[in-house]
Amino acid sequence: MRRHPISLALLAVAVSILAVQTCRADEPAAAPLRTVRDFGAVGDGVADDTDAIQKAIDSGAGDLLFPRGKYRITRPIDIDLSQNGPVGLAGTGTAKIIMAGPGPAFRFRGTHKGTASPKTFEPALWEHERTPSVDGLEIVGEHEEAVGIEAGGAMQLTLTRLTVRHTLHAIHLVTRNRNVLVANCHLYENRGIGLFLDNLSLHQTNVNGCHISYNGGGGIVVRGGDVRNLHVAGCDIESNMAEDGPPTANILIDSQGGKAGVAEVSITGCTIQHNHLGPDSANIRIIGNDDSDRRWGHVTIASNVLSDVHVNIDLCRARGVTVVGNTFWMGFDHDLRAVDCSNLVLSANNFDRNPHYAYGVALQARGGIVLEECRDSTITGLHVNGVHTHPAGVIIRGGSRLNIGQCTILDCQNAGMLVENTNRSRISGCMIRNDTENSGPWTALKITGGEDNHLSDNVLGADQ
């Protein structure tokens with residue numbers, strides 16, 4: 001029996017699209033599914049397929065399939081949602097888009113100026129612009145200014161099962177968007193940022209099940225703007241910093257210069273790690289604005305594994321951050337650093353030095369926790385062990401109204417906990433010991449300066 005040239009996997013995509021196109025008897029039949037080859041695309045990696053793919057978009061076909069091939073383009077494919085109508089670009093993982101010119105391979109332009117509230121939507125938006133999507137494609141940059149996907153003014157942008165490599169930024173979100181979904185994507189080895197929220201207004205964003213690694217300018221980066229409801233879950237995020245580049249992070253949330261800053265963020269169930277060779281590298285870095293109107297914050301960081309950078313979690317001018325149930329190890333400068341923060345809840349985290357991970361440079365990782373000028377915070381149930389070369393395993397400098405309790409601090413060099421010039425705070429129910437051999441002079445709990453502090457029911461000691 002003669003086989004149809006379209007692949008079975010691509011046929012499955014076509015069938016799934018047809019399933020949602022079924023119409024009633026009194027409705028016109030849906031347009032036949034088209035592929036970019038129907039509009040003249042060659043897909044051999046040599047021919048310039050830009051005009052053919054743009055023609056396919058401008059045709060209003062809507063559903064556009066990319067069969068197996070290498071589609072070379074030299075300028076952005078412009079997708080004007082208000083003119084082109086609903087657009088869905090689909091492949092099965094076998095089609096490669098080669099961006100050989102500057103700018104994004106696909107640029108989505110919408111007109112939504114409202115919020116996510118239904119009452120702010122223009123009727124035309126639901127008819128022409130809602131839920132643009134890209135699924136199952138690989139995008140590879142050949143130009144130093146090539147970008148994978150850019151979107152502005154879009155509503156319900158949905159990006160799934162993508163691989164984006166060797167671009168400047170893999171996904172670049174600009175101006176204003178609402179309700180963005182990024183799922184099951186590989187954003188890998190790009191010169192700039194994996195997912196870049198660039199000084200924009202964006203509420204309701206879910207990033208799930210993605211592999212975001214080896215991007216030189218950061219993994220997930222938010223700079224400025226007005227961003228709310230950002231959720232990152234179940235992702236593997238690794239080594240997103242260049243050894244010779246500026247300081248960055250696997251996840252960087254920077255509210256400086258933004259209209260309203262970044263707030264209502266959850267980062268849960270991820271592995272976030274590597275590498276300490278980038279200058280002042282961090283796994284999660286949150287930076288608030290400089291003014292006193294702290295409309296950023298309300299962040300939950302829970303159930304993650306964090307390792308192998310200069311600072312695993314780095315907080316500056318942050319408010320309302322909850323860090324709970326995480327495993328930290330191999331922080332080369334610190335495991336957790338917080339400066340000028342308030343309303344922190346740090347609870348039930350494990351800060352470990354596992355001797356079985358003492359390979360190579362791991363011995364250089366110092367670990368430890370430092371809080372500077374923090375206030376109105378609760379630190380409970382932390383397990384800290386093996387911090388070395390720092391003055392203490394846990395360092396508290398300045399600040400006030402800190403409730404520190406039920407922590408276990410073991411076998412840290414020099415001292416277990418150091419508290420300097422801190423006021424109106426409480427340390428209770430902690431066990432602080434050093435039972436290592438030949439530990440030398442050691443202090444369990446050292447307090448200098450400050451006033452109106454309360455100590456109770458702590459177990460302090462050493463086996464010297």
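Helices and strands are runs assigned by DSSP and numbered from the N terminus, a helix being H or I over at least four residues and a strand being E over at least two. With that in mind, valine 324 is found in strand 27, which covers residues 321-324.

This is a predicted model, in which local features need a pLDDT of at least 70 and side-chain atom pairs count only at pLDDT 80 or more, while totals for chains, interfaces and linings use all residues. Residues are numbered from 1 along each chain as its sequence is written, and side-chain values use heavy atoms, with hydrogens and water left out.

The pLDDT is the predictor's confidence in each residue, on a scale from 0 to 100. For the protein chain it averages 90, and 91% of the residues score at least 70. Over residues 1-6, however, the pLDDT stays under 50, and the model has one contact (heavy atoms within 4.5 Å) for them beyond four places in sequence. Residues 15-25 also have a pLDDT below 50, and this stretch has 10 contacts in the model beyond near neighbours in sequence.

Leaving aside residues up to four places away in sequence, valine 324 touches Ile301, Ala302, Ser303, Ser347, Ala348 and Asn349. Its C-alpha atom is separated by 11 Å from that of valine 299, which is 25 residues away along the chain.

Aromatic rings are the next topic. Rings of Phe, Tyr and Trp (its six-membered ring) pair if their centres lie within 6.5 Å, and planes under 30 degrees apart count as stacked, over 60 as edge-to-face and the rest as tilted. A search of the whole structure finds four such pairs. One of them joins phenylalanine 66 to tyrosine 71 edge-to-face, at 5.6 Å centre to centre and with 85° between the planes. Phenylalanine 66 also forms an edge-to-face pair with phenylalanine 106, at 6.3 Å centre to centre and with 80° between the planes. Phenylalanine 66 lies in the loop between strand 3 (63-65) and strand 4 (69-73), and phenylalanine 106 lies in strand 7 (residues 103-109), so this pair ties together parts that are 40 residues apart in sequence.
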